[in-house]
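Dear colleague,

Please find below the structure that I am handing over to you. My findings follow it.

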Amino acid sequence: MDDLRKMQPPVFPVEKPQMPGISQFFLDNSVPVYILEAGTEDVIRIEFVFNAGQIKEFAPLVASTTNMMLKEGTTIHSSTEINRLLDYYGMFLHQSVDKDKAGIVIFGLSRHIDKILEISAELLFHPTFPEKELNALMKKRLQWFLINREKVQNIAFDRLFECMFGKRHPYGRQIVESDYTSLCPSLLYDFHSTNYSIEKMAIIIAGKIPENTISKINGYFGNVNTPEKDKRGNKTTLKGLRDKKVYIEKPGAVQTAIRIGSATINKRHPDYTGLKVVDCILGGYFGSRLMRNIREEKGYTYGVRSGLTSLDLSGYLVISTEVGNEYLNPALDEIYREIRILQEETIGHEELEIVRNYMSGEILRMFDGPFAIAETFKSAWEFGLDFSYYNKLSEKIRNINPDEIKHLVKTYYNIDNLYQVTAGSK
């Protein structure tokens, strides 16, 4: 038995993930519906997605506030009654807004699908945006904002977005305190009627699908017509700021936040899958080069990471960490040194194999269960892609070579093009 405990278990290469089938159909009013039937439990996930993210805002905070107010009262039920209905039927409601999209996700028992669809239609198309609830919500949000303004990591991240995308563009626009007192129900009505329209909606369903689901969805949503109004949106072009280095003084801060990044390509670009591998090597997992250097060897920080994110109009890469104020300059030097090493030196076979295995395992995790698969599908569908994107990513992970890695780092991590934002106390 002791000898068996000392034996390393066999290691098998991660196989290419099996892509599940997604059924697609259209409602009578042409709304696309995507169905993933999987799982054995009597649960279902229904997501309603709209082109109603921050990119559509004509005033700060309108997109997020409109979404948050959807369950604060409708023409049929008050916010208290809505919450009681959700509790009674065992439903969980998740509301979300990002740079490009907005919507709601409802989780519930498959046998309650009629009630799920009924409540969803009510929330999405019959909100009243009551002023009392709006004022209470904005007071809470203002308090969160003021608290977060004391955190150097939030200050630095917000300013980095402004640097990368410009002050006037919704991707980079900064929120100020007065924005929390300037909203009224009429602004939310206007945004909702323009952006929560049938023409801008898609439905993604996953889980154990009951019989007659298609006809039921069509019954609740196929006869809804919300004529699209003016197509207002932000027409400001993406234009980064001139200054590449920004320091923000935060008296009394015990740490300095570092954010280094730039606008870059998104998932539609053929280089994106290779750039995901580069990001992982640099700072995308616990064994990355930045973690080994700045955390494990130097002890400047508890954690340092890099990330690569897609937006509809762009993408961005970012390196982020918080360090003791006295370690600011040494940490910056090491971050840039690791980038230069990746640009100039060939990555070793052993390190690359570790990254391949880690990333392949992460892809498998993205397909673990119907709800995860639905989210994975959505993250490709948003860019006009399908599951073939993940096949291409898996293939790139298995076949990328060291020379291609160096080329990608030189192309997309040009140090002269990176913005550097630091926030802390001198």
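Tyr300 has a relative accessible area of 16% in this predicted model, and because the limit for a buried residue is under 20%, Tyr300 counts as buried.

The whole structure holds 24 aromatic pairs. One of them joins Phe50 and Phe125, whose ring centres are 6.4 Å apart with planes at 75 degrees, so the arrangement is edge-to-face. This pair links distant parts of the chain, with Phe50 in strand β3 (residues 43–50) and Phe125 in helix α4 (residues 113–125), 75 residues apart. Phe50 and Phe125 are both buried. Elsewhere, ring pairs connect Tyr34, Phe367, Phe377, Trp381, Phe387, Tyr389 and Tyr390 into a cluster.

Two lysines are placed over aromatic rings. Lys99 lies over the face of Phe161, 4.5 Å from the ring centre, and Lys244 lies over the face of Tyr419, at 4.0 Å from the ring centre.

A further lysine, Lys250, is found in the loop between β7 (245–249) and β8 (255–264). Is Lys250 buried or exposed? Its relative accessible area is 16%, so Lys250 is buried. Leaving aside residues up to four places away in sequence, Lys250 touches Arg149, Glu150, Val152, Ile155, Gly424 and Ser425.

Ser30 has phi near 75 degrees and sits in the loop between β1 (23–26) and β2 (32–37). With a relative accessible area of 53%, Ser30 is exposed. Phe129 has phi near 50 degrees and sits in the loop between α4 and α5 (131–148). Phe129 is buried, with a relative accessible area of 1%.

As to the cysteines, the number of disulfides is zero. Cys163 is buried, at 1% relative accessibility, while Cys184 is partly exposed, with a relative accessible area of 30%.

Finally, I turn to the chain as a whole. Its secondary structure consists of 15 helices and eleven strands. A compact globule of 426 residues would have a radius of gyration near 22 Å, and the chain, at 24 Å, agrees with that. Along the principal axes, the C-alpha trace spans about 60 × 60 × 45 Å. Of the 426 residues, 50% are buried. The accessible surface comes to about 20,800 Å², and carbon and sulfur atoms account for 50% of that area. How many of the contacts between residues at least 6 apart in sequence join residues at least 24 apart? The share is 82%.

Yours sincerely

Key: Residues are numbered from 1 along each chain as its sequence is written. This is a predicted model: local features need pLDDT of at least 70, side-chain atom pairs count only at pLDDT 80 or more; totals for chains, interfaces and linings use all residues. Side-chain values use heavy atoms; hydrogens and water are left out. A disulfide is a pair of cysteine sulfur atoms within 2.5 Å. Buried means under 20% relative accessible area, exposed over 50%, partly exposed in between (1.4 Å probe, protein chains only). Rings of Phe, Tyr and Trp (its six-membered ring) pair if their centres lie within 6.5 Å; planes under 30 degrees apart count as stacked, over 60 as edge-to-face and the rest as tilted. Helices (H or I, at least four residues) and strands (E, at least two) are DSSP runs, numbered from the N terminus. A charge sits over a ring if NZ of Lys or CZ of Arg is within 6 Å of the ring centre and within 35 degrees of the ring normal. The radius of gyration is taken over C-alpha atoms; the globule rule is 2.2 Å times the number of residues to the power 0.38. Contact means heavy atoms within 4.5 Å. Accessible areas come from the Shrake-Rupley method with a 1.4 Å probe; for residues, only the protein chains shown count as cover.
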